[in-house]
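Hi everyone, thanks for making time this morning. I'd like to walk you through one model, so let me put the sequence and the structure on the screen.

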Amino acid sequence: MAGNLLKKSNGLMLLCSISLLMIVMTGCQEAKLKTVIGIANKQCPLDMGEVGKITSIIYDGDNVVYTLNMNEEITNIKILKDNPESMKSSIKMMFQNPAADVKEMLKLMAKCNSGLHMIFVGNKSGEQAVCELTAEELKEVINTNAAPAQSGQTKLEAQLKMANLQFPMQASEEVIVEKIEVIGESVVYICSVDEKLCPISQIEENAAEVKEGIVSTLASQTDPATQIFIKTCVENNKNIAYRYIGKDSGKQYDVIIPQSDLKKMIIEK
């Protein structure tokens, strides 16, 4: 009888020790996550170029929460709000095979059983769209190890999917960007042109200047979002092209920015 009680006592002590160890380890991981997020939050606001800013990054004990102030001239918050599943699938695809530092952060979040919330706030309207990834969904993303080529293609598809939620978009008085898609060796912006204001022949005649203007604009946008997009295009061996199509005539002219130019725009860290 005494022997059985001793065995049970030892077993209970072992169970309590293991439980205590798990609590301590979890506590350590959560403390580490809080520290890392705290450091990141001190860097805010983080500039994302024309897209907007990350205004805060916090860990509330259950989720890591990013709050982003978005330029509503570029991002339509209502469209994001009305397409939560598209937004979620795009963000999940973006996290597949991430950079080493991002992967370590995701692993730390997984160890703490933390989810991810991204709150997009319109800079003028104050309207919000929220994307929520549960801890289980994050773990699923971490455990998805696609081949590099497949991963690169997936990231490009995710970026284009998010971008196309925002189109059509007025780029200038005479040009409307209708959509963006992969056509052959290029990622192509399909642009509708009001020929009363700018004939397609004029774009063709001034192609060198139009290209120079596009290259200059892209090169000046050193924000993370643009850098990621350009890198993803290069990793997928894609040029960036602008296809100008006359609204009335249907005539078109392509201005192509080759990979050689895109590579020069990438800022190496």
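Before we look at any strand partners, one definition: two strands pair if DSSP finds at least two bridges between them. And please keep in mind throughout that this is a predicted model.

With that in hand, let's go to the sheet. Residue Ile240 has Ile257, in β10, as its bridge partner. Strand β9, residues 239-246, is joined to β10 by six bridges, and the two run antiparallel. Stepping back, these strands belong to an open sheet of five, in the order β6-β7-β8-β9-β10, with mixed pairing. The edges are β6 (169-170) and β10 (252-257); each has a single partner strand, so one side of each has no neighbour in the sheet.

Now the helices around it. Helix α8, residues 207-220, packs on the sheet and touches β9 and β10, with its direction at about 45 degrees to that of β10. Helix α9, residues 224-235, lies across β7 (175-183), β8 (186-193) and β9, and runs at about 120 degrees to β8.

Tyr189 sits in strand β8 and Tyr242 in strand β9, so to speak two distant parts of the chain, 53 residues apart, linked by the pair. Both Tyr189 and Tyr242 are buried.

Let's move on to the cores. The largest nonpolar core has 30 residues, and the members that touch the most others are Leu33, Val64, Ile91, Leu116 and Phe120. Helix α4, residues 100-111, supplies the largest share of this core, with four residues. Take Val64 as an example: beyond its neighbours within four places in sequence, its contacts include Leu33, Ile37, Met109 and Leu116. There is also a second, separate core of 27 residues, and among its members are Cys191, Ile203, Tyr242 and Met265.

Where is Met265 placed? It belongs to helix α10, residues 259-265. Is Met265 buried or exposed? Its relative accessibility is 6%, and because the cut-off for buried is under 20%, Met265 counts as buried. Leaving out neighbours within four places in sequence, Met265 is in contact with Val215, Leu218, Ala219, Gln227, Ile230 and Ile257. Ile257 is the bridge partner of Ile240 that we started with. Between Met265 and Val215, which are 50 residues apart along the chain, the C-alpha separation is 8.7 Å.

To finish, the overall numbers. The protein has 10 helices and 10 strands, and 39% of its 269 residues count as buried. Of the contacts with a separation of 6 or more, 61% are between residues 24 or more positions apart. As for confidence, the mean pLDDT is 82, with 85% of residues at 70 or more.

Conventions
Residues are numbered from 1 along each chain as its sequence is written. This is a predicted model: local features need pLDDT of at least 70, side-chain atom pairs count only at pLDDT 80 or more; totals for chains, interfaces and linings use all residues. Side-chain values use heavy atoms; hydrogens and water are left out. Contact means heavy atoms within 4.5 Å. Axes are lines fitted to C-alpha atoms, for helices over the stretch in contact, and angles run from 0 to 180 degrees between N-to-C directions. Buried means under 20% relative accessible area, exposed over 50%, partly exposed in between (1.4 Å probe, protein chains only). A nonpolar core is a set of buried Ala, Val, Leu, Ile, Met, Phe, Trp, Tyr and Cys residues joined through side-chain atoms within 4.5 Å. pLDDT is the predictor's confidence in each residue, from 0 to 100.
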